[in-house]
Amino acid sequence: MMIAGFGFSNRATEASLAEAYNSLHTRPDRVATLRAKADSPVFRAFALTQNLTVEPLDEDQIAGIATPTLSPRIHARFNTGSVAEACALVAAGAGARLIQRRCVTTDGLATVALAEMIER
């Protein structure tokens with residue numbers, strides 16, 4: 001099972017999110033983002049348009065998650081290097097592996113990463 005993790009600015013648009021989604025090499029089975037972001041009108045509209053199942057995560061769920069990407073700003077705020085990578089890994093479960101590192105949209109307002117759930 002493939003899980004896409006999203007991170008994005010409050011200034012992100014549906015186009016930003018669509019660009020991020022379209023940068024994925026594989027279509028995910030579901031997507032994950034922080035709960036506050038999942039409830040935003042722009043993300044809800046994007047997810048509805050793409051017919052995506054969304055898993056909202058709390059900030060404490062991604063805190064301390066090691067990611068290949070390390071943004072100092074994100075690390076200071078969330079205690080992880082990449083919201084997108086951390087969301088993908090947490091939602092994919094224990095033993096998950098990142099198969100696509102964080103991609104940043106051309107407007108710099110959204111990121112996405114892809115993790116694979118390990119079958120149990």
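In which sense do strand β2 and β3 pair, and over how many bridges? Strand β2 (residues 30–34) pairs with β3 in the parallel sense, over four bridges. Helices (H or I, at least four residues) and strands (E, at least two) are DSSP runs numbered from the N terminus, and two strands pair if DSSP finds at least two bridges between them. The model is predicted: local features need pLDDT of at least 70, side-chain atom pairs count only at pLDDT 80 or more, and totals for chains, interfaces and linings use all residues. Residues are numbered from 1 along each chain as its sequence is written, and side-chain values use heavy atoms, with hydrogens and water left out.

The sheet is open and has five strands in the order β3-β2-β1-β5-β4, with mixed pairing. Its edge strands, β3 (54–57) and β4 (97–104), each pair on one side only. From one strand to the next, the twist averages 20°; axes are lines fitted to C-alpha atoms, for helices over the stretch in contact, and angles run from 0 to 180 degrees between N-to-C directions. Within the sheet, V31 has V54 of β3 as its bridge partner. Helix α6 packs on the sheet and touches β1, β2, β3, β4 and β5 (110–116), where contact means heavy atoms within 4.5 Å. The direction of α6 makes about 145° with that of β1.

A search of the whole structure finds five aromatic pairs. Rings of Phe, Tyr and Trp (its six-membered ring) pair if their centres lie within 6.5 Å; planes under 30 degrees apart count as stacked, over 60 as edge-to-face and the rest as tilted. The pair F6 and F43 is edge-to-face, because the ring centres are 5.7 Å apart and the planes stand at 70°. F6 lies in strand β1 (residues 2–8) and F43 in helix α3 (residues 41–50), so this pair ties together parts that are 37 residues apart in sequence. The rings of F8 and F43 have centres 5.3 Å apart and planes at 10°, so they are stacked. Both F8 and F43 are buried, as is F6; buried means under 20% relative accessible area, exposed over 50%, partly exposed in between (1.4 Å probe, protein chains only). Ring pairs link F6, F8, Y21, F43 and F46 into a cluster.

S82 lies in the loop between α5 (72–78) and α6 (83–92). With a relative accessible area of 2%, S82 is buried. Leaving aside residues up to four places away in sequence, S82 touches T67, T69, I74 and R102.
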